[in-house]
Amino acid sequence: MKVTIRYSAQARVATGLSSEVVELDEPTSVHDLVVRLSRQHGSAFRRLALDANGCPHPSLLVAIGDDQVRSGDHRKIAPGETITIITPMSGG
Amino acid sequence: MGSTDMKMTKRLGNARTRRPLSAEERSVYEWQLGVAGFGEEGQRSLKSASVLVTRIGGVGGAAATALAAAGIGRLILAHQGNVRTSDLNRQTLMSADWIGKPRVESAQKRLKDLNPRVAVEVHNVNVGEDNVDDLVASADLVIDAAPLFRERFLLNRATVEQRKPMVDSAMYELEAQVTTFLPGRGPCLTCLYPGDPPGWRRQFPVLGAVSTMVGSLAAMEAIKVLSGLGEPLLGRLLVADLRDMSFRTVRLQRNLHCLVCRELH
């Protein structure tokens, strides 16, 4: 099944992508998707997305459609869904 | 927004504490007094309100400007340090002739020039453990425009403890995020970010037009909460990307295990 990943802010810079379509061979959780994307996109994205234990960083915001989910959520992603990786930002 | 949330926002404009408008003020605010759902009651709510803006860089400066123009009663500005040349791409309350002088003094002068009816209290300090409780206590609402998460988390903790609304405003390159927290009515900042985000640095790339927009959005949220106008971004994060001018809101979750606000729910 195919899902669309959108990257914002630092995640967009780290991956060099605004969005991509990812093919998943089996039902995949948000947690596993973040880990997979971290393997795929190298160290800059991995530093943003994973904690010291290799798990999705709790301060990484993830949205499925227009609903936030925890980056470590074990909910399975449905075919065709759009997942947005939202990294924190601040004032200045 | 549910009725309970509406009650909380209306509470900030309690009729007993709203100060009346003078004839001169009716003239100054004539254009906005005609806004449906705002009117003289909304203007009196703003006049009676105090807003803490920390800091007053690109985002906070724009927010303070919009609130001063709108006729907020009192602005409390906190930002340590002097104007630097690298501030001038976005910090519209600063000017080239004020390089090396305190930012808060420039901001105070510019805001008083814009609207002398507004009381502008300035603090040449950044938010820290030693001052955050007093700063938050002095205001009805807080606009968090700080670049460091350490300051943002302190403001979040103090606003939750004091049950004060906080508008959170942020940017990066051409992107923006704005949301409003009402303690006990949805998530707080620590629900979203339980700890320091990895890889965040105090200086980051951004265009000044982005910070001005974010500051104006934050001011609009403050005006809505204080006057009861419209629907603030409670439990919703506005996410904007000015590359393609896309604006959307993401429904946010409370963190039931949040160390800051779990006791409120």
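1. Helix α10 of chain B is mostly covered, with 17 of its 20 residues buried. A residue counts as buried if 20 or more other C-beta atoms, placed from the backbone, lie within 10 Å of its own. The helix itself is a DSSP run (H or I, at least four residues), numbered from the N terminus.

2. This is a predicted model: local features need pLDDT of at least 70, side-chain atom pairs count only at pLDDT 80 or more, and totals for chains, interfaces and linings use all residues. Residues are numbered from 1 along each chain as its sequence is written, and chains are lettered from A in the order in which they are written.

3. From first C-alpha to last, α10(B) reaches 28 Å. That is close to the 28 Å expected, where the expected span is 1.5 Å times one less than the number of residues. B:Gly228 follows α10(B), and its phi is positive, near 80°.

4. How do α5(B) and α10(B) cross? Their axes come within 7 Å and cross at roughly 45°. Axes are lines fitted to C-alpha atoms over the stretch in contact, with angles from 0 to 180 degrees between N-to-C directions.

5. Contact means C-beta atoms, placed from the backbone, within 7 Å. Residues making the contact include B:Gly58 and B:Ala66 of α5(B), and B:Gly215 and B:Ala222 of α10(B).

6. Between the chains, 20 residues of chain A are in contact with 35 residues of chain B.

Technical notes
Helices (H or I, at least four residues) and strands (E, at least two) are DSSP runs, numbered from the N terminus. Two residues are in contact if their C-beta atoms, placed from the backbone, lie within 7 Å. A residue is buried if 20 or more other C-beta atoms lie within 10 Å of its own, exposed if 12 or fewer, and partly exposed in between; C-beta atoms are placed from the backbone.
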